[in-house]
Amino acid sequence: MSSPPGLPGLLDHLDAVRRLVGHRPMGLFVDIDGTIAPIVPTPEQATVSPAVARALAALSGGLSVVVLTGRDTAAARRIVGVAEIAYAGNHGMEWWEDGTATVDPLAEPYVGRIHRIAVHLGSALAGEPGVLLEDKGPSLSIHYRLAADPAAVRERVLAVLGGPEGAGGLLVREGKMLIEVLPPVAVNKGTAIARTLERRRLASVLVLGDDTTDVDAFEAVRELRAAGALEEALAVAVSEDAPERLLAAADYRLADPAAVETLLTWLVGEVVSGTSS
Ligand SMILES: [Mg+2]
C-alpha cells in the first residue's frame, strides 16, 4: 500500500490517545465519508454504524465532538444521526451547533453563484450517466465514481468549469472520484478546528480523516501544537490508500472505518472511566 513505512498504526499506540484524554477540554473531530462511514458507490448510500453513533453520543458527555465534513450539515446530521454533537459542514463554511444552523459570513455571498454553476453543469452534462451533482449551498460537489469512463468525465467537468459560465475566480479542488467548487475564502477544515479551539478553549485535539480536504485539518493541528495553542494533538489518516499529502501531515494511521469504530468504542471507556486524572 502507499502508506509510508514510518507511519505507525494507532491501535498499537493507544497510550498516545490516553495522553490526549489527560488534557481536557479535548476536541474530537471526525470526517464522515471514508472515515466513520465506509466509501459507497453513491453519496446517498453512506451510513454510520450504530456502534459509531452510540460512541459519538457517549463521547459528547466528556469531549467536544465535531463532525467535520464536506457534506452540508443537513446530510451530515441525517447520516450520523447524533443530536448531542456539533456539525461543521461544507468544510467549515456551515455549522450546526446547539440546535442552531449558520453559514459563515465569508462564504454566504457565493451561494447564488455556485447554484448557477450547478444548474449550468447539470445541463452541460445531461445524459452523462453515473455523474452526480450535489448543490450544497456554499459549495458544489461533482461525484463521478459511477461513470463508465471516470477519467473522461473528470476531463469534461474540468473543461466546463474552465469555460465561460464556469468557476472562474472560485476554488476548484479534487478528491477521490470527486471535484468540488468552493468560494475563494480562507475557510476550511483547519479554520473550523481553530474556531472550535477558541470557542471551547480546547487543550487537546484528536482529528480523523481520509482525503485531501482533511490535509487542512491535519496541518492546522500541527501548527497549533507547534505554536503552543494546543497541549497535545494527534492527526490520524484513515484508509490504506490515503493521499500522500495526508499521510505526510498525519501522526498515525488506521486501516479503515472499522478500525475507527474500534478506536471510538475503546475511547468511550477511557473518557467515561475518567482515567485522565
Ligand atoms: Mg472523507
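What spacing do the donors of the magnesium ion follow along the chain? They follow D-x1-D-x176-D. The model is predicted, with pLDDT of at least 70 needed for local features and 80 or more for side-chain atom pairs, while totals for chains, interfaces and linings use all residues. Residues are numbered from 1 along each chain as its sequence is written, and side-chain values use heavy atoms, without hydrogens and water.

The protein donors are D31 (OD), D33 (O) and D210 (OD). They lie 2.1 to 2.2 Å from the magnesium ion. Donors here are N, O and S atoms within 2.8 Å of the metal (3.2 Å for Na, K and Ca); water is not among the atoms, so sites may look incomplete. D31 is buried, at 5% relative accessible area. D33 is partly exposed, at 23%. Buried means under 20%, exposed over 50%, and partly exposed in between (1.4 Å probe, protein chains only).

The domain assignment, automatic or from a database, gives domain 1 (10–104 + 186–273) and domain 2 (108–182). Their centres, taken over C-alpha atoms, are 26 Å apart. Domain 1 brings 21 residues to the contact and domain 2 brings 15 (heavy atoms within 4.5 Å). About 1,500 Å² is buried between the domains, 55% of it on carbon and sulfur atoms. This is the accessible area (1.4 Å probe) that the two parts lose on being put together, summed over both.

Three salt bridges cross the interface of domain 1 and domain 2 (a side-chain nitrogen of Lys or Arg within 4 Å of a carboxyl oxygen of Asp or Glu). K176 forms a salt bridge with D210. Their closest N and O atoms are 3.0 Å apart. D210 is also a donor of the magnesium ion.
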